[in-house]
Amino acid sequence: MPSSPRAAGRPLTFTEQARRAQLVDVTIRLIAEHGYAGCSLQRIADAAGVTKAAVLYHFASKAALVRAAYGQVIGGLAEHVGGLVEAAPGPAEAVEAYVRGLIGYLSAHPDHVRVIVEALDDEHDTGIADRPASPARWQPLATLIDGAIQTGTYRAGLDSRTLAIVLGGAIDGVVGESLTDRSFDLVAAADAIVDILRRSTV
């Protein structure tokens, strides 16, 4: 077998990019269906219609493939939410767009929610540094809240870090509930969280 692009240190060809994208998409689907433990390299290869060796040609390990899947999921989420925040007409609207955008995206992509949960599980050695309690989880929202405080839209003295952590916990809670109960109304849940936000910032 020819040396892999990662081993050779050369740019990916169009065909290699397409194959890697296919493997990442398959991995997202299989993790959602079977969990991390049930998503072996052989199962990924079978679902993609390639050999296990072909998977290893593109990704050195299962953990590397899961990291790529996680990166794609987080990238899509960030792009969606970022676009909504940028389009918001004001600071308070930007905070609400963040909350609604995050819940809305995860509601529309339950497979991605499962990938995030499985990839960040401490029992799985994925090599992903991000964790639910890491500052990167609350800082973007806290920054938006600070913008609303600085413009006088939110009351002075509001603790942006605490509010961002509380909102993040609420978002995680309702999204988690939707995983176990598909009838759970995430749109209504988003409305409730935004109502709590508005009441706590005046």
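Reply: Helix 6 passes helix 10 in a right-handed crossing; a crossing is right-handed if the near helix is turned clockwise from the far one by less than a right angle, and left-handed if anticlockwise. This is a predicted model, in which local features need pLDDT of at least 70, side-chain atom pairs count only at pLDDT 80 or more, and totals for chains, interfaces and linings use all residues. Residues are numbered from 1 along each chain as its sequence is written, and side-chain values use heavy atoms, without hydrogens and water.

Me: Why is helix 6 called roughly antiparallel to helix 10?

Reply: The axes of helix 6 (residues 91-108) and helix 10 (residues 186-200) come within 10 Å and cross at roughly 160 degrees. Angles over 145 degrees count as roughly antiparallel, and therefore helix 6 is roughly antiparallel to helix 10.

Me: Which residues of helix 6 and helix 10 make the contact?

Reply: Contact means heavy atoms within 4.5 Å. Helix 6 contributes Val95, Glu96, Val99, Arg100, Ile103 and Ser107, while helix 10 contributes Leu186, Ala190, Asp191, Ile193, Val194, Leu197 and Arg198.

Me: What makes Glu16 of helix 2 count as buried?

Reply: Buried means under 20% relative accessible area, with a 1.4 Å probe and protein chains only. Glu16 is buried in helix 2, as are Leu23, Val24, Val26, Thr27, Ile28, Leu30 and Ile31.

Me: How do you know that the reach of helix 2 is close to the expected one?

Reply: The expected span is 1.5 Å times one less than the number of residues. Helix 2 has 21 residues and reaches 30 Å from its first C-alpha to its last, close to the expected 30 Å.

Technical notes: Axes fitted to C-alpha atoms, helices over the stretch in contact; angles between N-to-C directions. Helix = DSSP H or I, 4+ residues; strand = E, 2+ residues; numbered from the N terminus. Parallel < 35°, antiparallel > 145°, perpendicular 65-115°, else oblique. Buried < 20%, exposed > 50% of the residue type's maximum accessible area, 1.4 Å probe, protein only.
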